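Please keep the sequence and the coordinates in view while reading.

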Amino acid sequence: MAANSRRTCSSQLRRASEALLLDQLGQHPPIRLKATAAPVAPYPPAEIAYWLIWAQSLPTPAQRRNACLLFCLGVGCGLAVEVLVYVQGRDILAGPTGRALVKVHGRRPRTVVCRYVYEELLLAEAAHIPADAYAFRPDWQDRTSKHMASDWLARYPRIIGRCDGAVLQTQRLRTTWLVELLNAGIPLKVILKPSGLGTLHSLLRYLVFLHDVPEAEASDLLGGAAA
């Protein structure tokens, strides 16, 4: 088992042991308060379109490249910011069928296929990046900074319209990617590895954002195709 899974099982066993021992002594176990992990909501399609316009309309080529790569790697590949900042030029490539692929290294190495809507832009921007240079903010030395993306995003004016004054959030880009895949009905095991999540249980928190299925369609799906 992975280290995180072992720690979770150990914690659950300790809680069960405490409850049983206190029950034998006629006492009640203490109430343990824990905040429920709730993901940020995905971006609606209109806001995604606005942010894409913003990324492509920044004043300098370097700014546009940083914004487009941050956007494409987030909403197109579902990379969390702590993974995204380590992607180099050599990690973004066109596969045998022409699809844009992103290789992720580190604790959970994997190859992610970019969503087709963003693959052309991703490959076009990546073509200007040297193989051994970082894709996002190549001049930034401290790749461990938690605010590497948010500090950069805070520098630039916001787009007009509904998102005026808002700040682009990399976490919401990743959530948007995950929810789009889940709504598309892609098998969960297919989503799990490219997402970098350890277990299928990690996907449960996103169910609240999935589209409702009409009763008639749900009935057809449950009944299966007619012979």
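A contact is taken here to mean heavy atoms within 4.5 Å. On that basis, residues 24 or more positions apart account for 62% of the contacts in the protein with a separation of 6 or more. The model is a predicted one, in which local features need pLDDT of at least 70 and side-chain atom pairs count only at pLDDT 80 or more, whereas totals for chains, interfaces and linings use all residues. Residues are numbered from 1 along each chain as its sequence is written, and side-chain values use heavy atoms, with hydrogens and water left out.

Along the sequence, the elements follow the pattern α-α-α-α-β-β-β-α-α-α-α-α. Of the 227 residues, 36% count as buried, where buried means under 20% relative accessible area, exposed over 50% and partly exposed in between, with a 1.4 Å probe and protein chains only.

Helix α3 deserves attention next. Because 12 of its 16 residues are buried, α3 is largely enclosed by the rest of the structure. Among these buried residues are Q63, N66, L70, F71 and G76. After α3 comes G78, with a positive phi near 70°.

How is a pair of packed helices described? Two such helices are described by the angle between their axes and the distance between the axes. The axes are lines fitted to C-alpha atoms, for helices over the stretch in contact, and the angles run from 0 to 180 degrees between N-to-C directions. Helix α3 (residues 61-76) packs with α7 at about 40°, the axes being 7 Å apart. This angle makes α3 oblique to α7, given that angles under 35 degrees count as roughly parallel, over 145 as roughly antiparallel, 65 to 115 as roughly perpendicular and the rest as oblique. From α3, the residues L70, F71, G74, V75 and G76 take part, and they meet T170, L173, R174, T176 and W177 of α7.

Helix α7 (residues 170-183) also packs with helix α8 (residues 188-195); their axes come within 10 Å and cross at roughly 160°. The two helices are therefore roughly antiparallel to each other. On the α7 side, R174, W177, L178, L181 and L182 contribute, while α8 supplies L188, I191, P194 and S195. By class, this contact of α7 with α8 has seven nonpolar, one polar and one charged residues; Ala, Val, Leu, Ile, Met, Phe, Trp, Tyr, Cys and Pro count as nonpolar, Asp, Glu, Lys and Arg as charged, and the others, Gly among them, as polar.

How many disulfides does the whole structure hold? A search finds zero, a disulfide being a pair of cysteine sulfur atoms within 2.5 Å. The sulfur of C77 has its closest cysteine sulfur in C114, at 3.9 Å, which is too far for a bond. C77 counts as buried because its relative accessibility is 0%, and C114 counts as buried at 1%.

Two further residues complete the account. Most residues other than glycine have a negative phi. R137, however, has a positive phi near 50°; R137 lies in the loop between α5 (116-126) and α6 (148-153) and is buried, with a relative accessible area of 4%. Y116, in helix α5, is exposed at 60%. The C-alpha atoms of Y116 and A100 are separated by 8.0 Å, although the two residues are 16 residues apart along the chain.

Conventions. Helix = DSSP H or I, 4+ residues; strand = E, 2+ residues; numbered from the N terminus.
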